[in-house]
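Biologist: Could you walk me through a few of the labels used for this model? I would like to see how each one is reached.

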Amino acid sequence: MHPSTRPTAAAALTVVLWASAFVGIRSAGAHYSPGALALGRLLAGALVLGAICAVRREGWPPREAWRGIVVSGVLWFGVYMVALNWGEQQVDAGTAALVVNIGPILVALLSARFLGDPLPPRLLAGMAVSFAGAVAVGFSMSGEGSADVVGVVLCVIAAIGYACGVVAQKPALGRASALQVTTFGCAIGAVACLPFAGQLVHDVAHAPASATLNMLYLGVFPTALAFTTWAYALARTTASRMGATTYAVPALVVLMSWLVLDEVPGLITLGGGALCLAGVAVARSRPRYARESAPAPVPSEKRL
């Protein structure tokens, strides 16, 4: 694979695995409490990532990277996962998806304020199109579910934790490798979730094997692998563009639910998914003049 295409491939793999996580969460969440599910997922991810770091002899991240790693570990790996798991038990899936999808918008605003990321018209237009698609998907999935205030607040907390975690992670990736940032961020998230250890032990003893296997899947693939490929891609583009990329997740969730769970989507759901993908394409595109005047890519894997 050509080095210039690797960040795009990494971002694509990330959104596919994050979309698949919704299927696993739906199964495991019926038998695991929100905190226990987050802790089990993070422990599995940290063990896998730690083993890979040991084999590759990555070592400890430099001191300058720790601030971003700690903040992203607590807010994104910890707060986000617990709040999302808990919020999805209080509100219907459509409302949860709708509220959480304010996350990429918050990423764009925070990265512009704290990282100096530009907000070109194509990015803003693409995010607007994708958010409209997420709204359509959310309303179409709502069905007869209820949305209480606590559940909505938890989903808002999840979105804020995600956005702040991404913005904090970006500078750390300029000082440490994607594998280091992900490994230690995941470990810190697991430490933050240790108060749920008792619930995890109880749930493991009573949950069916299928739910536990789904929890392990969440830890190995949507966490260990997908967060590493996310960090790899984030190190090579802006936080705003990466945040916009995650709007592909609702469209992929619709498709996977159709294929795996036999949940046939309606026309509004399909249209919303198409809008999500179209918005991502617009947000990640560049004007023709920018492509023609762009310098040749640097062949080094260390470039940012």
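**Labels and their cut-offs**

Modeller: Arg 57 is exposed, because its relative accessible area is 76% and exposed means over 50%, buried under 20%, partly exposed in between (1.4 Å probe, protein chains only). This is a predicted model, where local features need pLDDT of at least 70, side-chain atom pairs count only at pLDDT 80 or more, and totals for chains, interfaces and linings use all residues. Residues are numbered from 1 along each chain as its sequence is written, and side-chain values use heavy atoms, with hydrogens and water left out.

Biologist: Where is Arg 57 found?

Modeller: In the loop between helix H2 (34-56) and helix H3 (66-90); helices here are DSSP runs of H or I with at least four residues, numbered from the N terminus. Arg 57 also has a positive phi of about 55°, although it is not a glycine.

Biologist: Which helices pack at an angle of about 35°?

Modeller: Helix H5 (residues 103-114) and helix H7 (residues 149-172), with their axes 8 Å apart; axes are lines fitted to C-alpha atoms, for helices over the stretch in contact, and angles run from 0 to 180 degrees between N-to-C directions. Residues making the contact (heavy atoms within 4.5 Å) include Leu 110 and Phe 114 of H5 and Tyr 162 and Val 166 of H7.

Definitions and conventions. Helices (H or I, at least four residues) and strands (E, at least two) are DSSP runs, numbered from the N terminus.
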